[in-house]
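Subject: Structure handover

Hi,

Here is the structure I promised to pass on. Please open it alongside this email; my notes follow below.

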Amino acid sequence: MMENLYSTDSHLKLEDIIEFLPDATLAIDSERRVVIWNKAIVEMTGISAEQMIGKGGYAYAVPFYGEALPLLIDLVLQQDEAPVNRYAKFSREGDNLLAEVFCPALYNNTGAWVLVKASALHDNDGNVIGVIESIRDITDRKRSENALRQSEERFKATFEQAAVGIVHATLDGRFMKANRKFCEIVGYSQEELHDMTFMDITYEHDLHSDMTNMTKLLEGSINYFSMEKRYLKKDGDIVWVNLTVSAINQIEGDLTYVMGVVEDVTNRIKAEEMVKASEYSMRRLFEESSDAILILEDNKIINCNKASLELFKYDSKESIIGKSPWNLSPLKQPEGTISKELAIELINSTHKNGYAKFEWFHLRSDNALILVEVMLTSIQLNGKDVLHALCRDIGERKKMEQNLAYLSYHDQLTGLYNRRYYEEELVRLGTEDNLPLSIIMGDVNGLKHINDHYGHHSGDELLKKSAAIIQKACRGYDMVARLGGDEFIILLPKTSEADTKKIIDRIKELSSKEKVEDIEISISFGYTCKNSIEEDMNDLFKIAENHMYRNKASLLKEVRG
């Protein structure tokens with residue numbers, strides 16, 4: 001069968017490319033015997049090619065599921081749809097299949113989520129002679145999605161300005177509140193949604209799964225659920241969304257409702273449905289890869305694919321071929337290493353060890369820096385030792401990780417640190433080296449009055465101005481955090497009570513010069529100082545808090561008097 005898989009006009013051998021593809025790849029003939037078992041699938045399953053080549057009887061399923069049973073690859077050769085139920089996502093376009101599934105037996109029974117693509121292999125007469133299947137580990141992506149959902153449960157995002165749809169609904173599914181993005185996704189106004197339920201706009205075939213998940217959520221057997229589903233827009237169009245739903249307990253009144261976070265994934269779904277995996281041609285695999293691929297010989301680029309032109313912003317292959325990797329890089333990498341020296345070191349190491357994976361800053365033709373993940377593999381091409389470099393832009397992923405890290409320690413309204421950061425910083429600063437350690441508690445006066453008489457936007461302005469004043473009055477190494485509502489806290493390492501009082505006076509002086517709605521900003525303070533390592537910070541916190549409340553009560557009495 002393999003001789004039918006060669007492309008006569010290709011400069012690369014199909015066997016070499018398949019063997020060193022980053023995705024795990026296998027192929028079976030029409031008798032369901034394994035004919036291809038590449039290096040990546042050996043690493044994924046721990047089963048060598050020698051152990052698997054020639055095996056039939058669904059033996060290739062055992063490393064994935066722990067038992068012999070039909071896989072996606074077998075559905076190409078038959079119309080039996082029974083195995084489809086195993087897959088979380090499944091689509092078919094002729095002989096081409098695409099699915100996502102959890103494989104419990106992978107990595108010594110640890111299990112992993114994988115993206116699977118299966119396509120028929122044809123001879124020159126169009127007859128099906130086998131099937132090829134590629135398998136990509138997407139566990140990290142699934143974990144990232146989980147981390148994002150958990151982050152959304154812990155921290156409030158700005159409701160109306162969110163880039164995703166956010167909706168609150170009663171336990172029976174009636175919409176309580178929806179943000180601008182959600183209204184845009186479904187085509188209904190907030191007023192129209194108020195008289196509707198999520199069942200009214202859910203596509204009929206998705207309603208059962210939605211209701212099943214909701215029942216589990218309300219019964220308490222799950223804390224949240226996530227699914228891809230379809231909505232019927234007001235104009236009759238169908239929109240695909242990724243929906244994450246959580247049960248929310250509101251402390252005041254113990255009211256329970258559900259919150260849904262909705263992302264429009266219609267474009268992605270349509271793109272996935274339009275993808276046609278045709279991997280029997282080596283040239284197609286190389287040219288149509290979504291990742292940039294470079295072929296290196298003697299430290300020079302001798303070939304590249306179309307994705308490379310997009311990644312590096314060049315108009316033609318001739319602009320890239322002939323260059324060395326460091327010609328597409330800044331003089332130095334961010335840590336200070338000269339790019340050429342480090343690139344040569346990595347190239348030599350890959351020739352010796354066969355494979356290397358690392359992050360690298362490249363320089364585009366427009367002089368913009370891009371962060372890429374490079375998977376460098378040593379392969380044989382036309383009898384010569386060359387390097388196959390797969391380059392993937394990871395800039396957006398890094399930004400998302402950085403944004404999540406920032407949100408986990410900062411208050412979104414004021415930009416100050418939040419309670420979580422304060423509690424961790426309290427442990428770090430609570431050492432003898434930082435004594436005396438002073439604590440200042442602050443409570444913004446008049447917030448309720450401004451909210452009631454001028455609106456919450458003015459209340460938010462009061463809090464932001466107060467935060468800026470406190471930050472300005474403190475020193476660079478002081479820790480300022482918003483605990484919540486109108487309360488702030490300041491940790492002052494190596495600061496005596498006298499110096500603490502000066503900082504409070506400085507805040508009050510700056511406050512007297514600022515107004516919101518013609519009302520002078522006023523903040524009540526309480527403070528104390530830890531002079532001994534034996535003193536308990538919780539006790540000191542209560543002392544500062546009580547001091548603050550006494551000052552606030554005294555100020556209120558003066559105003560009324």
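In α18, L447, I450, N451 and Y454 meet H456, H457, S458, G459, L462 and L463 of α19. Contact here means heavy atoms within 4.5 Å. Helices (H or I, at least four residues) and strands (E, at least two) are DSSP runs, numbered from the N terminus. The residues of this contact split into five nonpolar, five polar and no charged.

Two packed helices are described by the angle between their axes and the distance between the axes. Helix α18 covers residues 447-454 and helix α19 residues 456-473; their axes come within 7 Å and cross at roughly 150 degrees. The axes are lines fitted to C-alpha atoms, for helices over the stretch in contact, with angles from 0 to 180 degrees between N-to-C directions. Therefore α18 and α19 are roughly antiparallel to each other. The cut-offs are under 35 degrees for roughly parallel, over 145 for roughly antiparallel, 65 to 115 for roughly perpendicular, and oblique for the rest.

Residues are numbered from 1 along each chain as its sequence is written, and side-chain values use heavy atoms, with hydrogens and water left out.

pLDDT is the predictor's confidence in each residue, from 0 to 100. The protein chain averages 87, and 92% of the residues score at least 70. Two stretches need care. Residues 1-12 stay under 50, with 25 contacts beyond four places in sequence in the model. Residues 276-281 are also below 50, and this stretch has 15 contacts beyond near neighbours in sequence. Where pLDDT is low, the predicted coordinates should not be read in detail.

Salt bridges

The whole structure holds 34 salt bridges. Each is a side-chain nitrogen of Lys or Arg within 4 Å of a carboxyl oxygen of Asp or Glu. Buried means under 20% relative accessible area, exposed over 50%, partly exposed in between (1.4 Å probe, protein chains only).

- E359 and K398 meet at 3.1 Å, N to O. E359 is in strand β14 (residues 355-363) and K398 in helix α16 (residues 395-407), so the pair ties together parts 39 residues apart in sequence. E359 is partly exposed at 39%, and K398 is partly exposed at 21%.
- R475 pairs with D478, the closest N and O atoms being 2.9 Å apart. R475 is partly exposed at 23%, whereas D478 is buried at 7%.
- E310 pairs with K313 at 3.0 Å between the closest N and O atoms. E310 is exposed at 52%, and K313 is partly exposed at 35%.
- K89, E100, R141, K142, E228, R268 and E272 are linked in a network.

Where is S512? In the loop between α20 (497-511) and β20 (515-516). S512 is partly exposed, at 35% relative accessibility. Beyond its neighbours within four places in sequence, S512 contacts E520 and I521.

Best wishes

Note on methods
Predicted model: local features only at pLDDT ≥ 70, side-chain atom pairs only at ≥ 80, totals over all residues. Nonpolar A, V, L, I, M, F, W, Y, C, P; charged D, E, K, R; others polar.
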